[in-house]
Amino acid sequence: MNINDVAKAAGVSRGSVSNYLNDHPVSERIKSKIELAIKDLDYIPNSAARDLRARGSRFVVFIIPTVWESFFAELTYYMQAALTNQGYKMILCVSNSEFKREQEFIALAESQMAAGIISISYSQMNEHVSQQMPLVSIEKEPTGKFPMVSSDNYQGGELAAQRLIALDCDQLLYIGGENLSSGAMEKRRSGFTDYCDEHGRQFSEVGLSSFKRYAKVRSELQAAFNEMQDKGELDNLGIFSSTDEYATLAHRILIEMGIVVPEQVQIIGYNGSRTSVEEPPVLTSIRQPVRELCDEAVNQLIKRIDEIKSGSISDNVAREYLPVAIQQGETTQGL
């Protein structure tokens, strides 16, 4: 049994229960509901966990949406290394981008005396975390309450447009998810389209379904390329994709259609992760500084832990944007 069970029984948010258990202000009405639920459930708050956290837990919960993409696998590797270098151990939690699972992991962090949480979440997870729990978000932090570390997604879009224009592509295309709630993806798109507008270059866009629906995405992209081929628009085309996953699929479909890459179509993805350290990358991609992202996230977490221990949380919540670079692969020609 955990505080999620108490919150459900009381008809209040998990954050309200957390605030009550940690002696933070809650209204009398909510307090009464929580106390009644605790009594009915015979719930025993884990005060030992709070005491141990105050003395200095050495476990950090790392929440990510998946390990099936090379970027997240690489991120996990460097996050563990960064935490180990600072004397912490990592508890890996894979959410599959499911908000309910994220809530369970937050409860785990609280009940198991974790020193803090580092997360990549595209939901509203942070709204349900007490400010007394040290938390650092990677890429998205909508509440303004917790530190955030991200690559410079807007710069990445600009670099992609700049490179494709420098490669003398006659036509430019952006492909990416059309219904993503990720500000990072929108910044990648905006960096690309703004640069094209500023330099007087026309472009088109193809909005795709979530990559979780692989068969649907493949069908959408195939239909778009078929239409472009009929119009003669696949000759000297430059593509920028919001992720390496979309870019890899685009590359595969074009090869199946008999289109020669990079002679006829050039492709730039985003993430730049690799399946092997030794093997050269196939995709040309905007490379995120993965090791530096992890080091900075851990540094911000330690800073947050110290602030909470001292009782002086800064009003200046960190927003760190790290520069990106182009990683040359086989899907664009060299300059």
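Guide: Residues are numbered from 1 along each chain as its sequence is written. In this predicted model, local features need pLDDT of at least 70, side-chain atom pairs count only at pLDDT 80 or more, totals for chains, interfaces and linings use all residues, and side-chain values use heavy atoms, with hydrogens and water left out.

Visitor: How many helices and strands does the protein have?
Guide: Both are DSSP runs, numbered from the N terminus: helices are H or I with at least four residues, strands are E with at least two. The C-alpha trace spans about 70 × 40 × 35 Å along its principal axes. The protein has eleven helices and twelve strands.

Visitor: What percentage of the residues in the protein is buried?
Guide: Buried means under 20% relative accessible area, exposed means over 50%, and partly exposed lies in between (1.4 Å probe, protein chains only). The protein has 335 residues. The buried part is 50%.

Visitor: Which residues have the most contacts inside the largest nonpolar core?
Guide: A nonpolar core is a set of buried Ala, Val, Leu, Ile, Met, Phe, Trp, Tyr and Cys residues joined through side-chain atoms within 4.5 Å. The largest one has 26 residues. Strand 1 (59-64), helix 5 (70-85), strand 4 (135-138) and helix 11 (290-310) each give two or more residues to this core. Those with the most contacts inside it are Phe62, Leu75, Met79, Leu83, Ile118 and Ile138.

Visitor: Which residues does leucine 83 touch?
Guide: Contact means heavy atoms within 4.5 Å. Residues up to four places away in sequence are not counted here. Leucine 83 touches Val60, Tyr88, Met90, Ile118 and Val298.

Visitor: How many residues are in the second, separate core?
Guide: Among its members are Val206, Leu221, Ala224 and Tyr246. The second core has 24 residues.

Visitor: Is tryptophan 68 buried or exposed?
Guide: Tryptophan 68 sits in the loop between strand 1 and helix 5. Its relative accessibility is 81%, so tryptophan 68 counts as exposed.

Visitor: Which residues make the nonpolar surface patch of about 380 Å²?
Guide: Patches take residues with over 30% relative accessible area and no salt bridge; like charges are joined within 9 Å, nonpolar side chains (Val, Leu, Ile, Met, Phe, Trp, Tyr) within 5 Å. Accessible areas come from the Shrake-Rupley method with a 1.4 Å probe, and for residues only the protein chains shown count as cover. The patch is made by Val67, Trp68 and Leu92.

Visitor: How many salt bridges does the count come to?
Guide: Side chains of opposite charge can pair when their charged atoms come close. A salt bridge is a side-chain nitrogen of Lys or Arg within 4 Å of a carboxyl oxygen of Asp or Glu. The count comes to ten.

Visitor: How many residues apart are glutamate 139 and arginine 188?
Guide: Their side chains meet in a salt bridge (3.4 Å, N to O). Glutamate 139 is in the loop between strand 4 and strand 5 (148-151), and arginine 188 is in helix 8 (residues 183-198). Glutamate 139 counts as buried at 11%, and arginine 188 is buried at 1%. The pair is 49 residues apart.

Visitor: Which residues are linked in a network of salt bridges?
Guide: Glutamate 205 and arginine 189 meet in a salt bridge (2.7 Å, N to O). Glutamate 205 is in strand 7 (residues 203-208), and arginine 189 is in helix 8. The network links Glu186, Arg189 and Glu205.
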